[in-house]
Amino acid sequence: MKNLLITGLIIFLGSCSNDDFDNSDLSLVSSQAISKEKTADFKKASALEENFQEVPAGDYVLLVPAQLKEKIISVLKAQPGRNELKTFEKSSSVLDTISSTEDPISALFIIVDESALGSLLKLDLKGYIVNLGNLRGQQYHIVDDFIIQYEISKRQDSTLLTDEKESILSISSISEAVLFSEKDRKDRDWETSTTSKSTGH
């Protein structure tokens, strides 16, 4: 009887030990899987950081394609009292973040609102952005013609100052890049053919 009890106890302890080993194998596999997921997430985050940059604009932080960051900054009016330290202290969690991929029209409206343009020009640009956004899904030559006509009219407008023309043309270029993916644009030379022309009176 004692032998039977000891044998049962050994079998019981043996089965518990095997479960522990099995569980440790599972937790090892599980921790390796989690590690791989974290690595993949880190790589995705790094890729996003490389492709998108944050740009402070008024009470917002815009998440924009990295290649547009400098052009957007050049259009935004200088904000008195805002320096690097203040921007750093005012964490992005306090400011609303607007992604140009998730809400392109709002992001573009913020860029227009934070530009140095007058209110009538801002209203005109917002109308242009809405109309341009409504052309998504159209053949690109229709979009291209619309953009070219708008930009020509602004270049020829003798009431606009050179700085105003440059801002309008830059915002038009930013709008096209935000609203239409590169693969949507058939004419790869579009930006150089329409926005790099002289803006003289």
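1. Beyond residues up to four places away in sequence, L62 touches Q53, E54, V55, A57, I98, A107, I110 and I111 (contact means heavy atoms within 4.5 Å). This is a predicted model, in which local features need pLDDT of at least 70, side-chain atom pairs count only at pLDDT 80 or more, and totals for chains, interfaces and linings use all residues. Residues are numbered from 1 along each chain as its sequence is written, and side-chain values use heavy atoms, with hydrogens and water left out.

2. L62 is also among the residues with the most contacts inside the largest nonpolar core, together with I72, I111, L125 and I171; this core has 33 residues. Such a core is a set of buried Ala, Val, Leu, Ile, Met, Phe, Trp, Tyr and Cys residues joined through side-chain atoms within 4.5 Å, where buried means under 20% relative accessible area with a 1.4 Å probe, protein chains only. Helix 7 supplies its largest share, six residues.

3. Helix 4 has P104, A107, L108, I110, I111 and V112 as its buried residues. They pack against strand 1, strand 2, helix 2, strand 3 (96-99), helix 5 and helix 7. Helices (H or I, at least four residues) and strands (E, at least two) are DSSP runs, numbered from the N terminus.

4. Do look at K122, in helix 5. K122 is buried yet has no salt bridge, and the nearest side chain of opposite charge, D113, is 5.4 Å away. A salt bridge here needs a side-chain nitrogen of Lys or Arg within 4 Å of a carboxyl oxygen of Asp or Glu.

5. E114 sits in the loop between helix 4 and helix 5. Why does E114 count as buried? Because its relative accessible area is 17%.

Note on methods
Buried < 20%, exposed > 50% of the residue type's maximum accessible area, 1.4 Å probe, protein only. Lys, Arg positive; Asp, Glu negative; His and termini not counted.
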